[in-house]
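This report describes one protein model for a reader who meets it here.

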Amino acid sequence: MILLSLFVSESESRVSLQSEVFVRRLNEFVSLWYTFGGGTRLDVGSDTRPTLKVLGPSNKELEQGKATLMCVANKGFPSDWSLSWKTSDSSGSSSIRGEESRTPGVLQNDGLYSWSSTLTLTADQWGKVGSVTCEATQGSHTPVSEILRRDQCSQS
C-alpha cells in the first residue's frame, strides 16, 4: 500500500486541507486508475510531443477501389493529443473529404502514449490528392504535423 498526500495551504486565511489517498498495488504496479475508479483519470508525467508517421494505401487496396491512410503517433504525453487530417488536391488548393477514425491513447511501458488515426478515401479521391497532412494538437502546445505527398508513395 502506498500513501499519496496532497497538502494545500491558504496563507491569508491560515486554513489548511490535507487529503490522503491510499493506492493498492496491483501486480507490483501502482494503478491510480484502479484506485479512483472508471470516472476519474490522473496522468502524471511531463509534456512530450509525439512523433508522427503517415502511411499510404497499399496497391492491393487501391485495386479494390479504396485508399486507407494511417497516422501513427508515438511517445506523446499527456494522453489527450488530438489527431486530425488535412488533404489538398494536386494544385494544393481544395481539400478532399474522407472518413476519419481514431483509436484512444494506449499507455506504453515507458509511461508515454501511442495512438493512431485512419483516413479512408476512394481510389478516385486518392488519385486527385496532392498531399495529406496528419496533425497532432493538445492544448496550447505547438502542433506536430507530418506530410505525405502522393507522389512519394509507390502506388501513384
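K75 lies in strand β6, where strands (E, at least two residues) and helices (H or I, at least four) are DSSP runs numbered from the N terminus. The model is a predicted one, in which local features need pLDDT of at least 70 and side-chain atom pairs count only at pLDDT 80 or more, while totals for chains, interfaces and linings use all residues. Residues are numbered from 1 along each chain as its sequence is written, and side-chain values use heavy atoms, with hydrogens and water left out.

Although K75 is not a glycine, its phi is positive, at about 60°. Most residues other than glycine have a negative phi, and most peptide bonds are trans. K75 counts as partly exposed because its relative accessibility is 47%; buried means under 20% relative accessible area, exposed means over 50%, and partly exposed lies in between (1.4 Å probe, protein chains only).

**R49 and its surroundings**

R49 is placed in the loop between α1 (32-36) and β5 (51-55). With a relative accessible area of 44%, R49 is partly exposed. Between R49 and K75 there are 7.4 Å from C-alpha to C-alpha, although the two residues are 26 residues apart along the chain. Which residues does R49 contact, leaving aside its neighbours within four places in sequence? They are K75, G76, W81, T142, P143 and V144, a contact being heavy atoms within 4.5 Å. For T142 there is a further detail: the side chain of R49 reaches the backbone oxygen of T142 at 2.9 Å.

P78 belongs to the loop between β6 and β7. The peptide bond that leads from F77 to P78 is cis, and its omega is near 5°. P78 is also one of the residues touched by Q138, together with D80 and W81, when residues up to four places away in sequence are not counted. Q138 itself sits in the loop between β11 and β12. Is Q138 buried or exposed? Q138 counts as buried because its relative accessibility is 12%. The side chains of Q138 and D80 are joined by a polar contact of 3.0 Å. Such a contact is a pair of N or O atoms within 3.5 Å; within protein, one must be able to donate a hydrogen and the other to accept it, and residues adjacent in sequence count only if both atoms are side-chain atoms.

**A sheet of three strands**

Strands β7, β11 and β12 form an open sheet in the order β7-β11-β12, with antiparallel pairing. At the edges are β7 (82-89) and β12 (144-149), each of which pairs on one side only. On average, neighbouring strands of this sheet are turned by 15° against each other, direction ignored; the axes are lines fitted to C-alpha atoms, for helices over the stretch in contact, and angles run from 0 to 180 degrees between N-to-C directions. Strands of a sheet pair through backbone hydrogen bonds, either parallel or antiparallel. Six bridges link β11 (residues 129-137) and β12 in the antiparallel sense, and two strands pair if DSSP finds at least two bridges between them. In β12, E146 is the bridge partner of C134.

**The disulfide**

C134 also takes part in a disulfide with C71, the sulfur atoms being 2.0 Å apart; the term covers a pair of cysteine sulfur atoms within 2.5 Å. C71 lies in strand β6 (residues 66-76) and C134 in strand β11, so the pair ties together parts that are 63 residues apart in sequence. The link is left-handed, with -85° about the S-S bond. Both cysteines, C71 and C134, are buried. The structure holds one disulfide.

**P57 and C153**

P57 is found in the loop between β5 and α2 (59-63). The C-alpha atoms of P57 and C153 are separated by 8.3 Å, and the residues are 96 residues apart along the chain. The table lists the accessibility of these two residues.

| Residue | Relative accessibility | Class |
|---|---|---|
| P57 | 2% | buried |
| C153 | 9% | buried |

**The protein as a whole**

The protein has three helices and 12 strands. Of its 156 residues, 30% count as buried. Among contacts with a separation of 6 or more, 54% are between residues 24 or more positions apart. The accessible surface of the protein is about 10,200 Å², and 49% of that surface belongs to carbon and sulfur atoms. Accessible areas come from the Shrake-Rupley method with a 1.4 Å probe, and for residues only the protein chains shown count as cover.
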